[in-house]
Amino acid sequence: MTVLYWLRNDLRLHDNALLTALPPHATTLLPVYCFDPVALGPDPYLELPRTGPHRLPFLLETLTDLQQRYAALGSGIHFVVGRPEDELPALARQVGAEAIWASAEHTTEEWETEDALEAALSPKIPLRFFETLTLLRPQDLPIPVRNLPYSFSKFRFDVFSKMTVRPAEPAPTQLPPLPAGFTPAALPTAAALAAALGQPAPAARPRDRRSALPALGGGETAALARLHDYAVERHLIGRYDDTRNQLLGEAFSTKFSPWLANGSLSARQIWAAIDDYEAVHGARSKGAMQLRLELLWRDYFRLLALRAGADFFRWRGLRDQLPKPTNPDRAVFERWTQGRTGQPFVDANMRELAATGFMSNRGRQNVASYLIHDLHQDWRWGAAWFEHQLIDYDPASNWGNWKYIAGTGTDVRDTAFDVDQQAQRYDRQSRYVRTWQQP
């Protein structure tokens, strides 16, 4: 049996249900990564590359690492630039694949790609999906996804005490070889990708010394190193609840999100690390509980996107509520993106984002609120800017959080932040603002 493995946001060996499911008689495996022009091309709101100047290098580092890990297990990765529905059927015919396997996604554009691929495939080549991206598989929930409440508090009440998290699956010790005679195409450089897509060559961006991200790079190797350092070496889980709203330094929060976003680290691996921490240091840790809740929040947004479909991304609310009136002004919006609004706390956060591709959760809530409720701009512009800039962009978490702040998501309360008050509370001595006074 020859299986074509369409790599998506599951760029790891550990806790990978697809690799675990490979039958003993799978004689060959062809892992393929498609650089999709839609995912790399312009968004519909700002016409900026969706995979921007921070996430693209991180993705290429991740794929370099994965390629090395696959090679060590007797396999490899074939890289193509093109739409999956064009490239994968041709590859399947070329190598005589009997099935195409892939990770399941939970948002509408990804579903459209899956539908287009299925329509382009021969009926003799089944397309099979595996749940690899969430802590809880949708079928394991104690409630049907169609009954998912539009309230995280209620979701937590309905699910947390009744859920069972499956154990993280071990990484394989060997992989089936590539099809006989097949030579995989090499991983393209950022410049080669830009040329293939008709985009300007990206400029090199040296790491900013002020960055809160650990200098580990992309990939499963770096992800597991960060998890071990954070949870085992420095025991930082225990103090997480006390530090998570801080703004400076790599240790105030886990910084797992870039690796979670492209699947080089699994949520269940983090959950297992929390279990191990509590086994050694005792249960009832506030930090451990807060981390568990945030992993559950991540799942909730994915499940909400699965339930809501296209409505998850629309202007109106999930409860059909209307956003507050806007006064769209691109000059005002541009000043926000550049950190030139005149509000020091907002500007510092926006400069950090532009320089590093990262912003704290506290910062994200405040700059989003300021754009929507103080500057009266379209929340979708902000979501698209984050998509372009964030190294840890995840469609469900990003758009779910923006909808929430805009008052069109899971909450009908006033979601505006008093940014001055927030700055006084979380940056009382203005250390963060002074750090990011300059771009």
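Colleague: Which residue is the bridge partner of L4 in β4?

Modeller: I100 in β4 is the bridge partner of L4. Before going on, note that this is a predicted model, where local features need pLDDT of at least 70 and side-chain atom pairs count only at pLDDT 80 or more, while totals for chains, interfaces and linings use all residues. Residues are numbered from 1 along each chain as its sequence is written, and side-chain values use heavy atoms, with hydrogens and water left out.

Colleague: How do strands pair, and which strands does β1 join?

Modeller: Strands of a sheet pair through backbone hydrogen bonds, either parallel or antiparallel. Strands (E, at least two residues) and helices (H or I, at least four) are DSSP runs, numbered from the N terminus. Two strands count as paired if DSSP finds at least two bridges between them. Here β1 (residues 2-7) runs parallel to β2 (residues 28-35), with six bridges joining them; L7 stands opposite Y33 in β2. With β4 (residues 99-103), β1 pairs over four bridges, also in the parallel sense. In β4, A99 is the bridge partner of V3.

Colleague: What is the order of the strands in the sheet?

Modeller: The open sheet has five strands in the order β3-β2-β1-β4-β5, with parallel pairing. Its edge strands, β3 (78-81) and β5 (127-130), each pair on one side only. Direction ignored, neighbouring strands are turned by 30° against each other on average.

Colleague: Why is β1 described as largely enclosed?

Modeller: A residue is buried under 20% relative accessible area, exposed over 50%, and partly exposed in between (1.4 Å probe, protein chains only). Six of the six residues of β1 are buried, so the strand is largely enclosed by the rest of the structure. Both faces are covered, with T2, L4 and W6 buried on one side and V3, Y5 and L7 on the other.

Colleague: Which helices lie across β1?

Modeller: Angles run from 0 to 180 degrees between N-to-C directions, and axes are lines fitted to C-alpha atoms, for helices over the stretch in contact. Contact means heavy atoms within 4.5 Å. Helix α4 (residues 84-95) lies across β1, β2, β3 and β4, at about 160° to β2. Helix α5 (residues 108-120) lies across β1, β4 and β5, at about 150° to β5.

Colleague: At what angle do α13 and α16 cross, and which residues meet there?

Modeller: The axes of α13 (residues 330-338) and α16 (residues 379-389) cross at roughly 40° and come within 12 Å. In α13, R330, F333, W336 and T337 meet W381, G382, W385 and F386 in α16. These residues divide into five nonpolar, two polar and one charged. For these classes, Ala, Val, Leu, Ile, Met, Phe, Trp, Tyr, Cys and Pro count as nonpolar, Asp, Glu, Lys and Arg as charged, and the others, Gly among them, as polar.

Colleague: Which residues touch the most other members of the largest nonpolar core?

Modeller: A nonpolar core is a set of buried Ala, Val, Leu, Ile, Met, Phe, Trp, Tyr and Cys residues joined through side-chain atoms within 4.5 Å. Of the 87 residues in the largest one, F155, W336, F386 and W402 touch the most other members. Helix α12 (residues 286-308) gives the most to this core, with 10 residues. Leaving aside neighbours within four places in sequence, the contacts of F386 include W336, L353, M359 and W402. A second, separate core of 27 residues includes L56, Y70, W101 and F130.
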